[in-house]
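Hi everyone, thanks for coming. I'd like to walk you through a structure today, going from the whole chains down to a few single residues.

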Amino acid sequence: MQSLIARRPTSRVRKDPAPSKWAYRVQRWMLTPYVRGFVWKGIPTLVLLGAGALWLSHEPNRQAVIGQLTHLREEFEARPEFRVSLARVEGASDDLAEAVRAKLALPLPMSSFDIDLDAARARIEALDAVQKADLRVRSGGVLQVLITERVPVAVWRTEDGLTLVDETGHRVAGLLARADRADLPLIAGDGADTATPEALDLIAAAGPLTPRIRGLIRIGDRRWDLVLDRNQRVLLPEKNPVQALERLLALDHAQDLMNRDILTVDLRSDHRPTLRLTPNALAEIRRAQGLETVENEL
Amino acid sequence: MTDLYTSQRAMRNMRKAAMQRGVIAILDVGTSKIACLILRFDGPDRLREQDGVGPMAGQSQFRVIGAATTRSRGVRFGEIAVMNETERAIRTAVQAAQKMANVRVDHVIACFSGAEPRSYGLAGELDLQDSVVTEQDVSRVLASCDVPDLGPGREVLHAQPVNFALDHRSGLGDPRGQIGHRLAVDMHLLSVDGDVVQNLLYCIKRCDLELAGIASSAYVSAISSLVEDEQELGAACIDMGGGATGISIFMKKHMIYADSVRMGGDHVTSDISKGLQIPMAVAERIKTRHGGLYATGMDDREMIDIGGDSGDWEKDRRQISRTELIGIMRPRVEEILEEVRATLDAAGFDTLPSQQIVLTGGGSQIPGLDGIATRVLGQRVRLGRPLRVQGLPQAATGAAFASAVGLCLFAAHPQDEWWDFEIPAERYPARSLRRAVKWFKDNW
């Protein structure tokens, strides 16, 4: 008997299993490698990037992200592994070490990320007595400051007082009395410090005259005068002063020149040395030659 | 004829392009089913290590990566009868195979069984200009063959040089470089109805596919189910399809004859349907599940429910014995085989040295067929199964897939056909560059 209630078919069977023309085309299209790559990778990437950009275009969101990142960074830098709690100064005398610590002026303990090592090095190297400074953060939270001190090689006398200079002529420290560093040669005159290497060469070349040297005077920031005891002076030329000094030494060796009663030896002209005798010696030599001179006040 | 020549050449180029891409589809348009296989070509080296399969028959070059079959619609006697139904069926098969392979195919090689194939034996002779056979000489001797009148609307499907003879020496496979005076060629030409080919072409084009080759299913199923020595010594392959039974005779590894009988498994089904008053689908099911050709005493007692949904209790509860079913099937199968016998006799099969007959195709799966075939066709009958190819699903290894598998082998290793040889220089237009090159070659 036929049921009076209309029954729907339990399962709708498709009569035709064939795909429609468009279904077939779309499937073939999706099997094309470029299209498939674009659909499965390109579109999701674009959507994700677009969503991210849209979210970031809102100002508070951007601020929140930046704040979060900054907070994370600060937290990381504040970890005890990166904390520097001690500065150790090495290779400097006690006084200098004190000065270096004062110059360093770091509010320890602080994070090693916050220390500006270059600026600290520049501050320390601004000290006259420091030639070179190496700053390193060592393990255990130690800031190691390796100091290379300047070695004074001469004493420079100026109108203001005495100064120690190193071989480049750079100031090392002040000096109260010459006797404190009697072992160092004395230089004087304008620009003497910049010509210190030449002065050192001259003193090294002085040879037998060395014990008699009292100092070197820079004349007109141009040339040197070698001052010996008994107020003897050797006027050295502007060019090749060392060779001139060596010629003088040869002359001295041959004729015992410097022990004679001479006031100055002028070596500025390399054709001939010019001597200036003391007045006594001059009078004596004239007398020996039978010359009569009139001594007057002029 | 020139038109077909160029279109066949275009198909060859298409096949080459598909090989370079590495993916090609195989389409077997049959009366009962449409099978689509997708092949991937990627060199013999990569696949050889995989499962110890050697380079047998060159088929290690490719691998089946997608396979699908669908019930065929709109095809009768191996010919397309309803275009859009067939187009939809092709689309179904191709889509399913593409889905399995996960790759898009653009090129397809197709085969069909109908279109009244007719075989012609052609012969050509040529006196060589110089005593060495060159490629141009081969082209010239092929061009010298007399083409018979094929009839209106018929086209050449296969034209294969079968044998070359040089002076008194015959049976040469490749005469190039040999020395002689007179070159002769035997060619086998298979013509089919042109409209059927055009219909198939149109259907495939409607599916956005390009045809890269076309073959007769009798030929390709013989490639897959005849073993090598059978092809060499001579054998006939009988491809019992749904709507047509293809016959091809092989000798010295060349097809020398092909024909088809326009009867097949569908006729057996329709006999059952008519005889038992049941729908075709039920008849097909009963045929495949209970069918047979030899009745025994046991079969009298084996009752088969025919079923039905007419609402009439008596009609819906009908039963028949298996003997009755066999009694319906056997005359038709015998008729098909007798037709085949007649065709083979007409082809002169009984004069061949080896008279091996191989039955394949879906119809050859009827139990007891080999017994009847022995009676009708001769003593040397065996059932052939297609060669195993890599990656073919288990469901597609049966005899019904002989032509699909054969088409795979055909795609991998097509035989040289007429249009694969160069056109002889004389046939070129007078101002052709090729002709100028030839003149230079000859004179310097």
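**From domains to residues**

Let's start with chain B, where the domain assignment gives domain 1, residues 120-194, and domain 2, residues 266-329. Please keep in mind that what you see is a predicted model. How far apart are the C-alpha centres of those two domains of chain B? They lie 52 Å apart.

Chain A is divided as well, into domain 1 (80-149) and domain 2 (154-289). There, the C-alpha centres of the two domains lie 42 Å apart.

Now let's stay with chain B for a while. If you count its secondary structure elements, you get 15 helices and 18 strands. Along the principal axes, its C-alpha trace spans about 90 × 50 × 50 Å.

What about the inside of chain B? Of its 444 residues, 55% are buried. Then look at the contacts between residues at least 6 apart in sequence: 70% of these join residues at least 24 apart.

And the outside? Chain B exposes about 19900 Å², with carbon and sulfur atoms supplying 50% of that area. For charges, chain B carries 51 positive and 57 negative side chains, and the centres of the two sets are 5 Å apart.

Let's zoom in on one residue, B:Thr343. You'll find B:Thr343 in helix H12 of chain B, which covers residues 322-347. Is B:Thr343 buried or exposed? Its relative accessibility is 11%, and buried means under 20%, so B:Thr343 counts as buried. Leaving aside residues up to four places away in sequence, B:Thr343 touches B:Ile247, B:Tyr257, B:Asp259 and B:Val261.

To finish, here are two aspartates with something to look for in the backbone. A:Asp256 has a phi near 55°, a positive value in a residue other than glycine. This residue sits in the loop between helix H7 (241-255) and strand S13 (262-266) of chain A. With a relative accessible area of 40%, A:Asp256 is partly exposed.

Over in chain B, B:Asp167 has a positive phi of about 55°, although it is not a glycine. Where is B:Asp167? Look in the loop between strand S8 (154-166) and strand S9 (169-172) of chain B. B:Asp167 is partly exposed, at 37% relative accessible area.

Note on methods. Residues are numbered from 1 along each chain as its sequence is written. Chains are lettered from A and ligands numbered from 1 in the order in which they are written. This is a predicted model: local features need pLDDT of at least 70, side-chain atom pairs count only at pLDDT 80 or more; totals for chains, interfaces and linings use all residues. Side-chain values use heavy atoms; hydrogens and water are left out. Domain bounds come from an automatic or database domain assignment. Helices (H or I, at least four residues) and strands (E, at least two) are DSSP runs, numbered from the N terminus. Buried means under 20% relative accessible area, exposed over 50%, partly exposed in between (1.4 Å probe, protein chains only). Contact means heavy atoms within 4.5 Å. Accessible areas come from the Shrake-Rupley method with a 1.4 Å probe; for residues, only the protein chains shown count as cover. Lys and Arg count as positive and Asp and Glu as negative; His and the chain ends are not counted. The place of a charge is taken as NZ of Lys, CZ of Arg, CG of Asp or CD of Glu.
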